[in-house]
Structure formats: structure tokens, C-alpha cells
Amino acid sequence: MNAAAANIGVVGLAVMGSNLARNLASREGNTVAVYNRSRTKTDELVQAHPEAGFVPAFSYEEFAASLSKPRTAIIMVKAGGPTDAVIDELVKVFEPGDIIVDGGNAYFPDTIRREKAVRETGINFVGAGISGGEEGALNGPSIMPGGSDESWVTLGPILKSIAAVADDGEPCVTHIGHDGAGHFVKMVHNGIEYADMQLIAEAYDLIRRGTGRTPAEIADIFAEWNTGELESYLIEITAEVLRQVDAETGKPLVDVILDQAGAKGTGAWTVQTALSLGVPVSGIAEATFARSLSSHPEQREVARVLPGPGTEFQVDDADGFVEDVRQALFASKIIAYSQGFDEIRAGAAEYNWTIDLGAVSKIWRAGCIIRAQFLNRIADAYAEQPELPVLATAPYFADALTRGQAAWRRVVIAATQAGIPSPAFSSSLAYYDGLRADRLPAALVQGQRDFFGAHTYKRIDKEGTFHTLWSGDRTEIEAEDTH
Ligand SMILES: NC(=O)c1ccc[n+]([C@@H]2O[C@H](COP(=O)([O-])OP(=O)(O)OC[C@H]3O[C@@H](n4cnc5c(N)ncnc54)[C@H](OP(=O)(O)O)[C@@H]3O)[C@@H](O)[C@H]2O)c1
């Protein structure tokens with residue numbers, strides 16, 4: 001063992017941890033200590049990558065002794081109980097001022113709890129969302145760290161050295177905010193990813209069923225879209241997925257893949273949190289529910305007896321329809337991102353985090369799944385107006401919605417008439433119309449609430465809180481100022 005030779009350590013050397021350790025070791029100035037619960041993974045990593053100059057440790061004591069102060073360790077183990085188990089061990093061998101980073105996919109309330117508990121020992125705890133999967137961990141992820149300002153001083157340069165780099169040379173990492181802020185933002189990132197993927201899937205489905213184009217032809221359409229305002233990693237990989245042919249059957253691979261989408265839970269966390277915060281993230285919610293619906297084959301089987309509209313879906317102007325779908329996709333995407341940023345804004349207010357929304361959009365420009373040029377426009381919007389209440393109202397997005405709304409409505413109408421599910425397209429449009437409405441039927445809901453539960457209501461013409469004495473025969477109505 002080389003005493004105190006390493007400036008950073010990694011605990012947990014499965015796929016993510018070993019790739020992150022290799023990424024760290026490849027950057028100038030880093031020497032990386034590595035530890036894994038079972039020895040085999042440590043031995044295998046050190047033997048496979050002698051060029052990395054890893055400092056292996058086989059106990060927590062040895063691991064702590066191999067790190068220079070303040071000791072800094074990134075945990076990359078299975079989220080949940082294993083993370084708590086590793087934190088408990090590190091706290092025993094670390095000292096006040098040292099830094100423990102959880103780079104796993106933790107649920108942000110767990111990070112808030114862990115930060116509070118670890119802080120009492122004088123050790124810093126940082127929950128860091130790391131996006132980009134195993135490829136990102138190795139070559140440059142987008143990193144969303146929370147934790148104290150003190151820990152950022154040591155951790156910032158290390159994380160900047162391994163993060164993905166955006167086109168303008170900026171590393172895709174920023175100190176998001178205190179305690180659970182990093183994992184919160186990573187959670188919403190994943191929720192937005194769900195919405196973006198669902199919207200793209202709906203666009204594909206509508207084009208295929210409306211125009212009869214083959215997956216390979218639609219791949220060309222997506223490749224073309226990837227040169228314009230929709231340019232993004234997800235559009236790029238969609239073209240590749242659609243072009244893939246199954247070697248066994250010769251069919252497009254997308255036709256051979258079972259149509260039941262899986263989920264690891266971050267979409268559900270995003271929606272549950274949004275419900276608690278009272279923020280409508282309908283695009284993310286519909287995307288999450290669409291995966292749930294797809295994964296109930298027994299219900300889908302019995303529901304096939306239910307009637308559809310009974311008409312053939314064949315558009316007259318295929319090229320025009322494809323362009324309409326492109327515009328509907330862009331408009332719906334603007335709404336999905338606007339909703340996601342709204343959730344971050346509301347989360348920051350609820351948990352007392354100071355989150356720079358423009359900086360968040362910038363660190364998503366490379367290294368993560370939703371990376372896209374589009375994020376530069378979000379950064380521009382927040383640079384111009386940091387307190388922007390609705391992202392979709394920023395001039396660039398408002399202009400795109402103005403240009404695209406007629407096409408968006410045509411696509412939702414066509415999908416509805418043809419009986420093709422487009423929950424993310426149509427819920428985004430409903431949100432758009434709800435948000436811009438002069439007056440909502442919420443007034444009637446307030447009346448109903450007051451009728452059955454004396455929940456009271458406010459009036460448009462005077463201050464105060466009112467309750468009506470609703471009569472049994474509904475004829476005698478009297479307002480009472482209870483203010
Ligand atoms: N951001 C992303 O894109 C992304 C992608 C994948 C994963 N992740 C997250 O990154 C983390 C690591 O993922 P992974 O796929 O590399 O590994 P994983 O399969 O989630 O976990 C395996 C690792 O956890 C260790 N471990 C399990 N229980 C433990 C315990 N009680 N005490 C100590 N160590 C324990 C294992 O050690 P042994 O070898 O001894 O069993 C092994 O090193 C997870 O939180 C995961 O959710 C993120």
C-alpha cells in the first residue's frame with residue numbers, strides 16, 4: 001500500500017465504479033484509490049488497467065490510509081441499503097473535513113437524510129447525480145453534485161476533470177445546491193428523459209401508421225430531423241434503432257422487440273415528487289403511465305374487444321403530415337422541458353436550495369441522455385430572465401409554439417380520430433391550453449367543493465373568502481363573507 005498516495009478514491013467497482021475510477025485515473029493530477037467489498041473486482045480492475053496506476057485497498061482502514069487529506073471518496077454501489085452500509089464504514093475511518101460522495105442513483109430524500117446524519121460527524125456528504133450510463137462514466141458524464149460549499153472546493157476541480165465537455169469547452173458539472181439538490185435535479189433529468197423518449201415514440205408511431213412508411217424510411221426522417229431544431233442524442237439513436245434489422249428474421253428489429261417498456265423508478269419518483277409539490281408535469285407523468293400501460297399484457301389482451309373508430313388511418317399528404325408531426329414533437333418537447341424546469345424551481349423553493357436553472361441546462365448539453373443543442377436555448381432564456389416563471393414563454397420557445405401550434409393541433413386531432421394513443425402529445429397540448437387560458441373551469445370545481453364540503457372560495461370582484469349557504473332545492477343561494 002502507498003500511504004496517502006491518492007487524492008481520490010472509489011468504493012464499489014462494478015461497471016459504473018470501475019469506469020469512473022478509470023476516467024479519474026486518466027486525468028492529469030489524479031491518483032485513484034480503489035476498494036470493493038469483495039476482493040475479486042479490485043484485483044481484476046487493477047490487473048486489467050496497469051496504466052491507471054490504481055492504489056488498491058482491501059479494507060476500509062487501508063482505503064482511508066491511502067487517501068491524502070481531505071480524504072475524498074466516491075461511492076458507486078447498489079443504491080439503497082448498500083449505500084448506507086458503505087457510508088457507515090467510511091464514517092468510522094474518515095475524519096472531520098473529509099468528503100464522502102454518493103454517485104449512485106439515490107432518491108433525494110435519502111440524500112437529505114444521509115447528509116444530515118454525516119454532517120453531525122464533521123464529515124461532508126455529497127449526493128451527486130451522475131448521468132450517462134457506463135459509457136459516460138468512462139469518457140465523461142454529466143455530473144449533478146449537491147452538498148456543502150466547503151466540499152465543492154475540493155471536489156469541484158476533480159469532478160470538472162472527469163465530466164463531459166460541452167461544445168463551448170465548459171465541463172458538464174456545476175454545484176447544484178446543498179444536501180439533496182444534486183440527486184433531485186438528476187431525478188428530474190431522468191423524468192424529462194422519459195417524456196422525450198415517449199414523445200419520439202409517439203411521433204414514430206403516428207408517421208408509421210399514418211403514412212405507411214417503413215422503419216428504415218422513418219430512420220431517414222429522424223436523421224434529417226437531427227440536423228435541425230430537434231437535434232439531440234435521443235433523435236440520433238432513434239434513427240439507428242429504427243434502421244436496425246433483426247439478423248434472425250430479417251425484419252426491422254423494432255417489430256421483433258416486445259412492446260412492453262421497463263422502468264427503474266426515477267420517472268415515478270419525478271411524478272410522485274411533482275404531485276407533492278403541486279407541479280403539473282403531465283408529459284413526464286403520461287410517459288411514465290404509458291410504460292405502465294404497455295407492461296400489462298393481460299389487460300391489453302382483454303381490452304382488444306373494445307371498439308376503435310373503425311376507419312383506416314391514411315393521411316392524404318404524407319410529407320405534410322410528417323412535417324406536422326415534427327412541429328408537434330418540438331412543441332410538446334418544449335412543454336415537457338418547461339414542466340421539468342418548473343419542478344426544479346418548485347423543489348428549490350420547497351427545500352431551500354439556490355439552483356441556477358441556466359447552469360442546470362448547460363450541464364445537460366453533453367454526457368447525458370437528453371443532451372441536445374436545444375439546451376443552449378434554455379440557458380439563453382434563463383440568462384435573459386433568471387426568474388422566468390414559465391420557460392415556454394421565453395421568446396425563442398413562444399415563437400416556436402406560435403409557429404407549431406396549428407400543426408400540433410392537427411396531429412392531436414388526427415391521432416384522436418384514428419384511435420392512435422398519443423398521451424404525451426395530447427397532454428402537452430392540454431397543458432399549453434390550460435396555462436394560457438383566460439379563465440378555467442376551476443371556478444366550477446370551487447363551487448362544487450364549497451357545496452359538498454364548505455371549502456369556501458374567492459371572488460373575482462372583491463377581497464375575502466366566501467361560503468354559500470347552498471339550499472336543499474338549490475334555489476336559495478346566499479353568499480357570506482367569512483373573511
Ligand atoms: N447514472 C447511470 O447512468 C447509472 C447507470 C447504472 C448504474 N448507476 C448507479 O450507479 C451505482 C452503481 O451501479 P453499478 O451498475 O455499477 O453497480 P450495482 O450492480 O448497482 O452494484 C454493485 C456494486 O455494489 C456493491 N455492493 C452491493 N452491496 C453492497 C454492500 N452491502 N456493501 C458494499 N458494497 C456493496 C457490489 O460489491 P460486490 O462486488 O462485493 O458485490 C458492487 O461493487 C448504482 O447506484 C446505480 O444505480 C447509474
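## Terms and basis

A residue is called buried when its relative accessible area is under 20%, exposed when that area is over 50%, and partly exposed in between, with a 1.4 Å probe and protein chains only. The model is predicted, so local features need pLDDT of at least 70 and side-chain atom pairs count only at pLDDT 80 or more, while totals for chains, interfaces and linings use all residues. Residues are numbered from 1 along each chain as its sequence is written, and side-chain values use heavy atoms, with hydrogens and water left out.

## The largest pocket

A pocket here is an open set of points on a 1 Å grid over the protein atoms alone, where a 1.4 Å probe fits and protein lies on both sides within 12 Å along at least five of seven lines; its lining residues have an atom within 4 Å of a point. The largest pocket holds about 1800 Å³ of space, the volume being that filled by probe spheres set on points joined across faces, edges and corners. Its lining comprises 39 residues, and those nearest the centre are Q198, A201, D205, D259 and S294.

Two or more lining residues come from each of helix 8 (181–211), helix 10 (233–243), helix 11 (253–256), helix 13 (282–294) and helix 14 (297–303), where helices (H or I, at least four residues) and strands (E, at least two) are DSSP runs numbered from the N terminus. Helix 8 gives the largest share, 10 residues. By class the lining has 23 nonpolar, 6 polar and 10 charged residues, with Ala, Val, Leu, Ile, Met, Phe, Trp, Tyr, Cys and Pro counted as nonpolar, Asp, Glu, Lys and Arg as charged, and the others, Gly among them, as polar.

## The second largest pocket

The second largest pocket has a volume of about 1200 Å³, and of the 41 residues that line it, M16, V77, A79, N105 and K264 are the closest to its centre. Elements that supply at least two lining residues include helix 1 (15–25), strand 6 (124–131) and helix 12 (266–277), while the largest share, 6 residues, again comes from helix 8. This lining divides into 19 nonpolar, 14 polar and 8 charged residues.

## Backbone features

Most residues other than glycine have a negative phi, and most peptide bonds are trans. K69 and P70 are joined by a cis peptide bond with omega about -5°, and P70 is in the loop between helix 3 (60–65) and strand 4 (72–75).

D179, in the loop between helix 7 (149–162) and helix 8, has a positive phi near 25° and is buried at 18% relative accessible area. A454, in the loop between helix 20 (442–453) and strand 8 (466–468), has a positive phi of about 50° and counts as partly exposed, at 42% relative accessibility.
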